[in-house]
There are 2 protein chains.
Amino acid sequence: MDVVVPFDGARPKTRLADRFDREQRRAFATAMLRDVLDAVRAAGGAPTVLATAPVDVDAPVTVDERPLTDAVDAALAGADPPTAVVMADLALATPRALQRLFARDGDVVLVPGRGGGTNAIVSRESGFRVDYHDTSYLDHLRAARDLGASVAVVDSYRLSTDVDEPADLPEVLLHADGRAREWLREAGVSLDARGHRRSTAGE
Amino acid sequence: MDVVVPFDGARPKTRLADRFDREQRRAFATAMLRDVLDAVRAAGGAPTVLATAPVDVDAPVTVDERPLTDAVDAALAGADPPTAVVMADLALATPRALQRLFARDGDVVLVPGRGGGTNAIVSRESGFRVDYHDTSYLDHLRAARDLGASVAVVDSYRLSTDVDEPADLPEVLLHADGRAREWLREAGVSLDARGHRRSTAGE
């Protein structure tokens, strides 16, 4: 499976600006990207990074300075289906979770992100195009159905968890075991540093 | 599968207090509970509600005013394994997601909640006891391993999403289709009412 991994190398992880400076955010984002690339390869995928600026990783990098939607659409238009698009901030992604994604039948397979985003796509439909604005998950569902494509949704906590803001950091510490988790630990981020939510209001 | 569904009927959903008054919170929590009970039954489970106060639902209700951990432990001690514990605020739960939980092999099967909680458990090990304080997911992993029990973790966004705070409400609107979603819509909650997060910082 060809896998496009979009990466914002110019302004990564701006919603972590209260926590980390620009260089730190770039280092953390790159650590997550490398973890994702490892997981994609271990799942049998062939990743290409689609970056807004050059980035030093062990994978082919295509630099495209356009906004995310335009860059991904150009990549899809230039590829032979199937093509997957997997976001670079899925720090909890495992080979097993990605194998479930790649193996799922459907002309268009979607993984929603928390808040209505789209964390991953497999497109086997040459006409499918993306739109990452606003609640992109609903837009992608609609776009696939408008094409008459069959749609499947993968139910994975690991793939639906993108790491964007401070409240997402405990998930990396709890459930990841790669470079991103190590980077957070070395940066002094711990589970105790912010309240871990309880499962119910019962106690 | 016998399924215990803990429900705080006395002080439900306190973290939604900025959004809904007490009666509204109770109505919303009860709507979620009823959706969960439907999904449990459709997945082949036999639910019993374990409530801190009486609640009018179409299922057996056991009232136990003790804190969550004590009440669930008493329920587990009095049951023949296997027993599942499924939280009442999993508004995104579907029969399919619960079937994956019930069918997963393992002496102890866990579903983490966002923030380190434990949203669902299947215990086939009569000695397993719960502890819902703090990061209960890590405690439950440790407790199962200390018993020499085999542990499995189910990777499901639907089951890992518990609805506790305003930021969780868009998930119900996006991904659920039962009473809880209908209640939110009738209460005037819409996706436009709060920023839906974008999947990446790229645009």
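This report describes the interface, the pockets, the salt bridges and some backbone features of a predicted model.

## Basis of the description

Residues are numbered from 1 along each chain as its sequence is written, and chains are lettered from A in the order in which they are written. Because the model is predicted, local features need pLDDT of at least 70 and side-chain atom pairs count only at pLDDT 80 or more, while totals for chains, interfaces and linings use all residues; side-chain values use heavy atoms, with hydrogens and water left out.

## The interface between chain A and chain B

In chain A, 50 residues are in contact with 50 residues of chain B, where contact means heavy atoms within 4.5 Å. The size of an interface is often given as the accessible area lost when the parts come together. Here the two chains bury about 4500 Å² between them, 46% of it on carbon and sulfur atoms, the buried area being the accessible area (1.4 Å probe) that two parts lose on being put together, summed over both.

The rule finds 12 residue pairs in polar contact across this interface, both residues at pLDDT 80 or more; such a contact is a pair of N or O atoms within 3.5 Å, and within protein one must be able to donate a hydrogen and the other to accept it, with residues adjacent in sequence counting only if both atoms are side-chain atoms. On the side of chain A that touches chain B, at least two residues each come from several elements, including helix 2 (68–77), strand 6 (118–123) and helix 4 (136–146), where helices (H or I, at least four residues) and strands (E, at least two) are DSSP runs numbered from the N terminus. That side of chain A has 13 nonpolar, 17 polar and 20 charged residues, with Ala, Val, Leu, Ile, Met, Phe, Trp, Tyr, Cys and Pro counted as nonpolar, Asp, Glu, Lys and Arg as charged, and the others, Gly among them, as polar.

## Salt bridges

Over all chains, the whole structure has 24 salt bridges, each a side-chain nitrogen of Lys or Arg within 4 Å of a carboxyl oxygen of Asp or Glu. Four salt bridges are counted between chain A and chain B, and B:R114 and A:D168 meet through their side chains in a salt bridge at 2.9 Å, N to O.

Within chain A, the side chains of A:D164 and A:K13 form a salt bridge at 2.7 Å, N to O. This pair links distant parts of the chain, 151 residues apart, with A:D164 in the loop between helix 5 and helix 6 and A:K13 in the loop between strand 1 (2–7) and helix 1.

## The two largest pockets

The largest pocket holds about 590 Å³ of space and is lined by 32 residues, of which A:L92, A:A93, A:T94, A:R158 and A:H175 lie nearest its centre. Its lining draws its largest share, five residues, from helix 1 of chain A, and divides into 18 nonpolar, four polar and 10 charged residues.

The second largest pocket holds about 420 Å³, and among its 18 lining residues the closest to its centre are A:V153, A:V154, A:D155, B:R96 and B:R158. By class, this lining has nine nonpolar, two polar and seven charged residues.

## Backbone features

Most residues other than glycine have a negative phi, and most peptide bonds are trans. A:K13 has a positive phi of about 55° although it is not a glycine. A cis peptide bond joins A:P81 and A:P82, with omega about 0°, and A:P82 lies in the loop between helix 2 and strand 4 (83–86) of chain A. In chain B, the bond from B:P81 to B:P82 is cis, with omega near 5°.

Terms used
On a 1 Å grid over the protein atoms alone, a cavity is a set of points where a 1.4 Å probe fits but cannot get out, and a pocket is an open set with protein on both sides within 12 Å along at least five of seven lines; lining residues have an atom within 4 Å of a point. Grid points are joined across faces, edges and corners, and a volume is the space filled by probe spheres set on the points.
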